[in-house]
Structure formats: structure tokens, C-alpha cells
Amino acid sequence: MKVETKIYYPSMAAVEEAARKLQDVAEVTPLTVSKRYSKEFESNIIFKREDLQQVRSYKVRGAYNKMASLSPTQIENGIVCASAGNHAQGVALSCKLLKIKGTIFMPAPTPKQKIEQVNMFGEEYTEVVLVGDTFDDANAAAMEECERLNKTFIHPFNDEKVIEGQATMALEIIDQAQHPIHYVFVPVGGGGLSAGLSSVFKELSPNTKIIGVEPKGAPSMSTSIQNKRNTELNKIENFVDGASVKRVGDLNFAICQQNLDAMITVDEGKVCEIMLDLYNKDAIIVEPAGALSIAALEQYADEIKGKNVICIVSGSNNDITRTAEIKERALLYANLKHYFIIKFPQRAGSLREFVVDILGPNDDITYFEYTKKTNRDNGAAVVGLELKSANDLEPLITKMKLHNFYGDYLNDKPDLFQFLV
């Protein structure tokens, strides 16, 4: 006889208790109407600004609630976590506020800025240990320390108290909203936020549609829901690092499978477009995961017309050194950045001919690498071009071929393209 496993759902009493614990810790972040996106989508688009938390993400909610529930023995032994980003900062601040000693394992390549942030929030209560090249390496080292020294591991998402802490955001949204909420778009990584938030909405606002949003390169929850079992992906793209995991939490999957009205993915290039858009037009800085919910609106443009829509802006811990990559990905997604192998005739004036006769007046050369001539007639160069309009691509290729400059198009050749981008 098959025994059905009972699914854990955070109770309203537990979420309300978490909210009381967090009262003087987590900010009650504002709901702000985006007039620009509201106009674009003919709806009422509202941002839940978790990027304005002290640690610049919602992660402190779950971390603090978990750590505030520890027993005296667990507090004495100390805690351990593994993270390369927002969870580490939430844990560090919680260590300082609760006066709990913590060891935070981070991959060795973690940017210095993130390490400094963790040290700033944790002060004398936290120690950062850099180990391995990946999150998996850091996580393995953290688990080994837990077993060796009997410390408590603070999981970033697959934990009841963490889920209950993240769920407090939903209480705030429902309390703050001035009109019925028709849609909530929530970023999904390991699933802690989506599990907690969806549980509260199903209880207090059951007609609200909850849409989970993942990056295209890490569709862990989407795949698991489609397969009807928690499924570990073989590989993922880590660009949206705050929402890219190979396997979501078992607790989280069970809840999200029941509660989410839909799971969708968005292209990382679209995420980059939104990040630049928010920065240039609204002076809002977000990390890639923080832009996921807004990047999803385009896919629901028809459904959300005339509706009240909440987008969870989950965090703003963006590394400024990634700006060039963000711009590049956005241009590629918009079909405005293109890489070619150009065959230049081995004669004087061929480069000038290419610039004057082939390129349009608004086309810009952004990358140029010339190789030694391979034969007596032609020499090859890898050329990156930024176009003013995506419609200019086909006429450009036609002119290249007509004048015998065309060698190859590299955007659709991933094995070669990875060396350029």
C-alpha cells in the first residue's frame, strides 16, 4: 500500500510569528507604482521593492527567522552557511543581531565586493572561508564542517523556518495593497520565496494568480513541475546567479507544484534589457534576479491589461564589473550586436571600402581582430558590429556578399561565439 507524503505548508500562525520576529530587523519595503511600465502594458504595474532592504535583498527574512528559532545548544555551537551572494549577507547580519558565531563558506572566485559586504554585516560574529571554484565546492566544505563540529547549517531555501520568513513579504503586500491584486510575478531560484509567498496568497487572496519566473538557462522548477517530480538539471547557466540552481528544494517543489498558477522562463538577454532600462530611465539598480519579474511582463501583455500586477524586485546586489557583459547580452538579445568573419582583400583601401560602402551611417564597429593573411588574396578579421535597428542586418549581409567581404556569421555558432562574449 502506497503511503502519501504529507506536504508541508507554512501556517498563517507561523508566518505571523515570523513577522513579529522580523519587526525590527527587516524593512517593510514599499509598494511603488511604475508609471512607465503601467503605461506600456496598459495596466497597474507595482514594484515590491525588496532591493531596499538593509542587505539589499529579501534573504534576511528567511535567514533571521531560521536563526532566531535555534536552541541554546545550537547557538553555542554556531552556524554555517554556503553562499556566494544574498543569502550570505542575510546570514551575516542575522549573526550580528542575534550574537551567533557563524562561518560562511564562499567560492574562491567570489568578487571582493561581496566578501567585504558579508564582513561588514557580520563584523566580529562571522568568518568568511573561501574554498573551491564553485558553489558546490563551498557547499560541500560547509556541510563537512557542520558534521565535524556539530554546527547548524542555515539552508538558503529548503527549510521550513526560511520559507516562513520569506512568506512575511506576502503579508506586507496584502496589507499595503490598495486594490485587489490580480497577478504576482515572483522570481524563482531554489523556491523559498515562491513557496512562502504563494502559500500566504492562497490563504488570504486566493483569486490572485501567482506566476513563477526563472531564467531560461536554469529552469529547475519549470522542469520539475513538468516532470511531476523534483528534477536535478545536469548543467545551468549561472548569469542570473541569484536564481540559478540545479535543483530546487524538496519542500519548495512540493508547495510550488500545488500553489503556482504558472511557471515561465525568460531569456537572460531580456533580463539585461530590463536592468539597463531600470537604471537609465528610473535610476533603479537591480541584480539579474531582481529584474526577472519585470522581464516576464511581456509574455503576459494581453492577460494583464487593466489588471493590478505586483512584480517582486528581489534584490540589488549587482556587481558593477558586469556592466559590459550586461550591455552586450542586451544588445545581442535585441538583435543589434553581430559578429562576423570578414574577408578583406589584400590591397590598400579595402578597410576604407568596407567602412564607406558596406556599413550603414549608424553602424558602429565595436570589435576588430585581424589575423595574419591566410592567402595572397584575402585576410580574415573577426568584426563586431552594433546596429541602430535590427532591420539593418539583412541589407548589411547582402552588401557584404555582393562586394565579396562576407566570410561567416558567428552569432549562431556557439562553439566559436563563446570566445567573443
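1. Accessible areas here come from the Shrake-Rupley method with a 1.4 Å probe, and for residues only the protein chains shown count as cover. On that basis the accessible surface of the protein chain comes to about 20000 Å², and carbon and sulfur atoms hold 49% of that surface. Please keep in mind that this is a predicted model, in which local features need pLDDT of at least 70 and side-chain atom pairs count only at pLDDT 80 or more, while totals for chains, interfaces and linings use all residues. Residues are numbered from 1 along each chain as its sequence is written, and side-chain values use heavy atoms, with hydrogens and water left out.

2. Overall make-up. The protein chain has 17 helices and 14 strands; these are DSSP runs numbered from the N terminus, helices being H or I with at least four residues and strands E with at least two. Its C-alpha trace spans about 80 × 55 × 50 Å along the principal axes. Of the 421 residues, 53% are buried (under 20% relative accessible area; exposed is over 50% and partly exposed in between, with a 1.4 Å probe and protein chains only). Among contacts (heavy atoms within 4.5 Å) with a separation of 6 or more, 75% are between residues 24 or more positions apart.

3. The parallel sheet. Four strands form an open sheet in the order S5-S4-S3-S6, with parallel pairing; two strands pair if DSSP finds at least two bridges between them. S5 and strand S6 (152–153) are at the edges with a single partner strand each, so one side of each has no neighbour in the sheet. S3 and strand S4 (residues 102–106) are joined by 4 bridges in the parallel sense, and isoleucine 79 has glycine 102 as its bridge partner in S4.

4. Which way do the side chains of strand S3 (residues 79–82) point? Ile79 and Cys81 point one way and Val80 and Ala82 the other, and all are buried. In a regular strand the side chains alternate between the two faces of the sheet.

5. Around threonine 126. Threonine 126 is in strand S5 (residues 126–130) and counts as buried at 11% relative accessibility. Leaving aside neighbours within four places in sequence, threonine 126 is in contact with Ala92, Cys95, Gly102, Ile104 and Val118. Lysine 101 is 25 residues away from threonine 126 in sequence, with 5.9 Å between their C-alpha atoms.

6. Charges over rings. The charged end of lysine 101 also sits over the ring of tyrosine 125, 5.4 Å from its centre. Arginine 36 has its charged end over the ring of tyrosine 37, at 4.5 Å from the centre. The criterion is NZ of Lys or CZ of Arg within 6 Å of the ring centre and within 35 degrees of the ring normal.

7. Aromatic pairs. The structure holds 11 of them: rings of Phe, Tyr and Trp (its six-membered ring) pair if their centres lie within 6.5 Å, and planes under 30 degrees apart count as stacked, over 60 as edge-to-face and the rest as tilted. The rings of tyrosine 183 and tyrosine 300 have centres 6.2 Å apart and planes at 70°, so this pair is edge-to-face. Tyrosine 183 is in strand S7 (residues 183–187) and tyrosine 300 in the loop between helix H13 (288–295) and strand S10 (308–313), so the pair ties together parts 117 residues apart in sequence. Both are buried: tyrosine 183 at 5% and tyrosine 300 at 10%.

8. Phenylalanine 344 and phenylalanine 354 also pair edge-to-face, 5.5 Å centre to centre with 75° between the planes. The former is in strand S11 (residues 337–345) and the latter in helix H15 (residues 350–358). Phe344, Phe354, Phe368 and Phe405 form one aromatic cluster. In S11, 7 of the 9 residues are buried, so S11 is largely enclosed by the rest of the structure. S11 is joined to strand S14 (residues 406–409) by 3 bridges, running antiparallel.

9. Nonpolar cores. These are sets of buried Ala, Val, Leu, Ile, Met, Phe, Trp, Tyr and Cys residues joined through side-chain atoms within 4.5 Å. The largest has 34 residues, and those with the most contacts inside it are Phe47, Phe185, Ile294, Leu297 and Ile304. A second, separate core of 32 residues includes Met12, Tyr58, Phe157 and Ile255.
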